[in-house]
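Me: Hi! Could you walk me through this structure? I'd like to start with the sheet and then move on to the charged pairs.

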Amino acid sequence: MPADFEKLIGEYGLTSCDPKGFGPWSTLLESTLERFRRLSDIRSAAHAAPGHQIAIGYTNDNDFNAFADTLEDGDIIAICQNVPISLALLFKRALLFRGIMPWVGKFGEGHVDPGPVTAEDLLFALTKQPPHPPGKLDELRSKLAHLMTGIALDFVFLHELGHVWNGHTSLFRNRYGLGLTEIERGEKVPLSPIDRQTLEMDADCYASRLMATYPTPERDWLPANPGWEKEFGEGSTFLIVRNFAIYLVMRCFNDAASLENIKNTYYPPVALRQYFVMGTWFAALNKDTGRDQAELIRLALPIIGAGELSFSLLTGNPIDDSGVKLAYSAEGIEYATGLLRNWAKLHPDLDPLKRGGTLAPVQF
């Protein structure tokens, strides 16, 4: 069955948008959408029934970032058209600071770092686009900003793909006759916050598991960070850059590093999500490449350091280590362990519904 995005998105009262209609941004939207569809089709061809296809596209609605669902007529992943634009602006702004990736490219004598913006101005999928950063990047930093934009977009998409492939969307459709989306329209689904948090953790882990070892374009143009390469081994620069891109995007949600209200929220705290992503990524590399697990875990330090420094420079606020403290605290570890236990309870319902998803609990 062909994937009809326009028809399926209409069932939510939303409209699709043509990526060709965004002027200078059209190339980014078109190439990204083509990549998403290609990644999805490869997955479907390898694991699904013949002809299975997920409807993927952009929508004009700016109230959410992205969502996945399984409808009677097929699976759908919708992405707000503002997401790729906002992420491109975020990474351009970040790389206009001298202190971010200082070994990459050079700035002229008269260069001035951008002024601070609010955390809200860094977020994507809002009714307004973040402000355009002043200044111009050299060719090398421009390529790096483009690379990190693509990495972050892949994570957004693969997270949604995880909701489909790991049976989350089918679970709600089959159990309740309702769809679960990552927007307020899903509030009436009779599922506890801890169950929703568990599924969000699983979607994060799905995305990071795939991204850890999937093929990436040649990057001979990216200069190595001598310190990272010496301390963590060859290829560590690119690995840290990829994780840094995802870390910074999550950091921009500026979520409180607290478990105080966790019984009433749908998502794990951002600091814990960052912990899940890195933990899954490193476990996958250890399993698939044999790279030393202890060495990989140490990579979290420069990733967190670069992410927190970037957020501090972008917003003009002091570096805040409360998220790191939560992730590695006894309370944070207990919470993460609780999600894995809850995952074991959800697993029997998800297993019959999955289409080749990776359902095994992650090893931290």
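Reply: Happy to. One definition before the sheet: two strands pair if DSSP finds at least two bridges between them. Also keep in mind that this is a predicted model.

Me: Thanks. What is the strand order in the open sheet of three strands?
Reply: The order is β1-β3-β2, and the pairing is mixed. The edge strands, each pairing on one side only, are β1 (55-59) and β2 (66-71). From one strand to the next, the twist averages 20 degrees.

Me: In which sense do β2 and β3 pair?
Reply: Antiparallel, over six bridges, with β3 covering residues 74-80.

Me: Which helix lies across β1 and β3?
Reply: That's α2, residues 26-47, and α2 runs at about 155 degrees to β1.

Me: Switching to charges: how many salt bridges does the structure hold?
Reply: Ten. One of them joins the side chains of Asp 154 and Arg 35, at 2.9 Å from N to O. Asp 154 sits in helix α5 (residues 139-165) and Arg 35 in α2, so this pair ties together parts 119 residues apart in sequence.

Me: Is Asp 154 buried or exposed?
Reply: Asp 154 counts as buried because its relative accessibility is 5%, under the 20% cut-off. Arg 35, at 24%, counts as partly exposed.

Me: And what does Arg 251 form a salt bridge with?
Reply: With Glu 308, where the closest N and O atoms are 3.0 Å apart. Arg 251 belongs to helix α9 (residues 236-251) and Glu 308 to helix α12 (residues 300-315), so parts 57 residues apart in sequence are tied together. Arg 251 counts as buried at 10% relative accessibility, and Glu 308 counts as buried at 7%.

Me: How about Lys 325 and Asp 321, what is their N to O distance?
Reply: Their side chains meet in a salt bridge at 3.6 Å. Lys 325 counts as exposed, with 54% relative accessibility, while Asp 321 is partly exposed at 41%.

Me: Which residues are linked in a network of salt bridges?
Reply: Lys 7, Glu 11 and Asp 73 are linked that way.

Notes:
Residues numbered from 1 in each chain as written. Predicted model: local features only at pLDDT ≥ 70, side-chain atom pairs only at ≥ 80, totals over all residues. Heavy atoms only, no water. Helix = DSSP H or I, 4+ residues; strand = E, 2+ residues; numbered from the N terminus. Axes fitted to C-alpha atoms, helices over the stretch in contact; angles between N-to-C directions. Contact = heavy atoms within 4.5 Å. Salt bridge = Lys/Arg side-chain N within 4 Å of Asp/Glu carboxyl O. Buried < 20%, exposed > 50% of the residue type's maximum accessible area, 1.4 Å probe, protein only.
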